[in-house]
Amino acid sequence: MGAITLRGLEPSLAEKLKRAAKKQGKSINQMVKDTLKQHLGMSKDKKFTLVHHDLDHLFGRWSEEDFKRIQRKIDSERKSQGGIKMKRVIVLGFAVLMMLTLVGPAAAQYKATMKLASALALDHPYMIGAQKFAELIKERTNGRIEVKLYPSLQLGKGEREMCEGIQQGAIDLLVTSTGPLGGFSPSINILDFPFLFRDFAHVDLVMDGPIGRKLLDDFEKADIKGLAFWENGFRHLTNAKRQVKKAEDGKGLKIRTMENKVHLAAWKSAGLNPTPMAWGEVFTALQQNVIDGQENPIAVFYSSKLWDAGQKNFSLTAHVYSPSPFLMSKKIFDAMPKEDQELFLKTGMEVAKFQRKVNRDAEENKLQDMAKAGVTVMRDVDRENFKKAMAPVYDQFSSQFPKAEIEAIMNAK
Ligand code: PAF
């Protein structure tokens, strides 16, 4: 048997092999050779018997199914070759062995290239965060995992479709508003109540604390892994028709809302005429005057240049905070080794802080640029008036979201 080198081996695997060899008082080469000789059962007629117990003892965390897979692979290899050569089997056996040790039982789903999607363009803070995440993952895995970016609804015509893609494992990672997420994990809708958060400090306290963690964990029931809360921002009302500073000014305006029952009810309660629509259809609907307005944070309005679709009136209503869960396909997450899972969680949280800062720091400049582009930015909005007008939604949804849960968020200090 030729020498087996560790060149090109993923570092954490090399470490594991080193530790296992040290434990046995052997060199890595010797340990692997012995393993293959003894446990792949290389008898004279070159048949293989895999002994689960011994290999498991040697490298740990192998399941019966893993061994069956190796056996099947070797068997089919043997059939197709009409008598397999010893050397080839050794190489094959060792390759499979390394692969399984590296990624654990769900090796078949392990991915070296991942797709990260969002509804927004590369210049939006979602994708600035995504870019940072991709860079950090590449750097921290020594190039082993590459995260590719798919902005601007390239992987689905709306956030609901992309979320379905995450569930199925067709998309690996997604930054999305909570718009359609109640259909996947109903508890998340608690964040959609109007005037729930005082300011960004309040937001951070809740999102990064136990309430936020619980809401992220609730996604697991829907085959989705919640990594962290990134940010869309406080949402503001815009329209093509008139200046709106209090709820009555907006009476009857036909505005697009997200496909979200709490948002829809809040706008109805304020006397406007809301209609739910996927984001991909909004620009054209505004251009063609199918709707008069929409509501979104400053960065969305700016990145999508909604003034080019006639949205000249921008009311700083800040009527609801819009968090953006950073989600991963649970199938893909579960297939990763523990070290990678921890890395993705840690990096997702770290980027959350960076991404929120990028979003917040740029808001004032964006407002000024929008004004230069001819948008009337109304800062003197009567937010108390909007708050009162939307307040009935709390009672409307009280059976699903009890007062105590809402208060735990509102009163977080
Ligand atoms: O309005 C929406 O649907 C969302 O805020 C958007 C623009 C897709 C960003 O998540």
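This is a predicted model: local features need pLDDT of at least 70, side-chain atom pairs count only at pLDDT 80 or more; totals for chains, interfaces and linings use all residues.
Helices and strands here are DSSP runs, numbered from the N terminus.

**Entry 1**

I looked up phi for F195 and found a positive value of about 55°, although the residue is not a glycine. Most residues other than glycine have a negative phi, so I checked the surroundings too. F195 is buried, since its relative accessible area is 12% and the cut-off is under 20%.

L153 gave me another positive phi in a residue other than glycine, near 60°. I found L153 in the loop between β2 (146-150) and α7 (159-168). L153 counts as buried because its relative accessibility is 17%.

**Entry 1: the core**

Next I went to the largest nonpolar core, which has 96 residues. Which of its members touch the most others? I got F133, L173, L191, F193, F197, M328 and F344. Domain 2 (112-232 + 323-358) and domain 3 (236-322 + 361-410) both give residues to this core, so I put it down as lying between them. In soluble globular proteins, nonpolar side chains tend to be buried together.

Leaving out residues up to four places away in sequence, L191 touches L196, F197, M207, L215, F229, V320, Y321, P323 and I409.

**Entry 2: rings**

How many aromatic pairs does the structure hold? I have 14 on the list. One of them is F133 with F344, edge-to-face, at 5.6 Å centre to centre and with 80° between the planes. F133 lies in helix α6 (residues 125-140) and F344 in helix α14 (residues 338-361), so this pair ties together parts that are 211 residues apart in sequence. Both F133 and F344 are buried.

I then checked F193 and F397, a pair that is also edge-to-face: 6.1 Å centre to centre, 80° between the planes. F193 is in the loop between β3 and α8, while F397 is in the loop between α17 (392-396) and α18 (403-410), so I logged a link between distant parts of the chain, 204 residues apart. Are these two buried or exposed? F193 counts as buried at 1% relative accessibility, and F397 is buried with a relative accessible area of 11%.

Back at F133, I noted one aromatic cluster formed by F133, W230, F326 and F344.

Key
Residues are numbered from 1 along each chain as its sequence is written. Side-chain values use heavy atoms; hydrogens and water are left out. Helices (H or I, at least four residues) and strands (E, at least two) are DSSP runs, numbered from the N terminus. Buried means under 20% relative accessible area, exposed over 50%, partly exposed in between (1.4 Å probe, protein chains only). A nonpolar core is a set of buried Ala, Val, Leu, Ile, Met, Phe, Trp, Tyr and Cys residues joined through side-chain atoms within 4.5 Å. Domain bounds come from an automatic or database domain assignment. Contact means heavy atoms within 4.5 Å. Rings of Phe, Tyr and Trp (its six-membered ring) pair if their centres lie within 6.5 Å; planes under 30 degrees apart count as stacked, over 60 as edge-to-face and the rest as tilted.
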